[in-house]
Amino acid sequence: MLEGTSLTDFSPNEKVSRAMAAMLLYRMAGQPDVSEGNHFRDIPQGQWYADAVNWAAECGILQGVADGIFEPDSAVSREQLAECMYRFARHQEMNVESAEGVRSFSDEDEISSWAINAIRWASSNGLIQGDEQGRMQPKKGLTRAELAAVLMNWGQREAAESY
């Protein structure tokens, strides 16, 4: 699901961009066909992420930041990733009800209102966890290493549901 940033580097401490998040979800969906056209002025056709971004927009998984603007190189925050994963799960017709074990975080008041349900869902399903001090740090950018951990947790969640 995640490829290196070059032939020899994974770049675990690099921030995850909106384009990377779109590509990840697109790969998780099996890289479905995308309709012709472009949803955003700042996504040139032929870019490695163009189909992924357009697919995610068509499905309502990722939205632009302004009218016709996506900002593919902008960093994804922890709450934005939770929201994307939540929307992806709904798109895949998965159960997105929060389960038992919803963690409370010492910085819950910093979570955007639009992300609360997604954070609760992601937390209760073990996808995203807080730091050692019990904080979610919802506005903090996510690293590629942290994204890899979310993917691993996603895989464990899917494996548990299949039994």
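Q: Which residues of helix 4 are buried?
A: Ala118, Ile119, Trp121, Ala122, Ser123 and Ser124. Buried means under 20% relative accessible area, exposed is over 50%, and partly exposed is in between, with a 1.4 Å probe and protein chains only. Helices here are DSSP runs of H or I with at least four residues, strands are runs of E with at least two, and both are numbered from the N terminus.

Q: What kind of model is this, and how are residues numbered?
A: It's a predicted model, where local features need pLDDT of at least 70, side-chain atom pairs count only at pLDDT 80 or more, and totals for chains, interfaces and linings use all residues. Residues are numbered from 1 along each chain as its sequence is written, and side-chain values use heavy atoms, leaving out hydrogens and water.

Q: Back to helix 4. What does the backbone do just after it, at Gly126?
A: Gly126 takes a positive phi there, about 70°.

Q: OK, the core. Which residues touch the most other members of the largest nonpolar core?
A: Trp121 and Trp154, out of 47 residues in that core. A nonpolar core is a set of buried Ala, Val, Leu, Ile, Met, Phe, Trp, Tyr and Cys residues joined through side-chain atoms within 4.5 Å.

Q: Which elements give two or more residues to this core?
A: Helix 1 (18-28), helix 2 (50-59), helix 3 (78-91), helix 4 (116-124) and helix 5 (144-161).

Q: And where does the largest share come from?
A: From helix 1, with nine residues.

Q: What is Trp154 in contact with, leaving aside neighbours within four places in sequence?
A: Met28, Met85, Phe88, Ala89, Met94, Trp121 and Leu127. Contact means heavy atoms within 4.5 Å.

Q: Switching to charges: how many salt bridges does a search of the whole structure find?
A: Four. The criterion is a side-chain nitrogen of Lys or Arg within 4 Å of a carboxyl oxygen of Asp or Glu.

Q: Which side chain does Arg78 meet in a salt bridge?
A: That of Glu146, at 3.7 Å, N to O. Arg78 lies in helix 3 and Glu146 in helix 5, so the pair ties together parts that are 68 residues apart in sequence.

Q: Which residue pairs with Asp131?
A: Arg135, with the side chains meeting in a salt bridge at 2.7 Å, N to O. Asp131 is buried at 17%, whereas Arg135 is partly exposed at 33%.

Q: Where is Ser77?
A: In the loop between helix 2 and helix 3, and buried at 7% relative accessibility.

Q: What does Ser77 touch, not counting residues up to four places away in sequence?
A: Pro138, Lys139, Lys140 and Gly141. A polar atom of the Ser77 side chain also lies 3.4 Å from the backbone oxygen of Pro138.

Q: Last one: how many disulfides turn up in the whole structure?
A: Zero, taking a disulfide as a pair of cysteine sulfur atoms within 2.5 Å. As for cysteines, Cys59 is partly exposed at 25% and Cys84 is buried at 6%.

How values were computed. A polar contact is a pair of N or O atoms within 3.5 Å; within protein, one must be able to donate a hydrogen and the other to accept it, and residues adjacent in sequence count only if both atoms are side-chain atoms.
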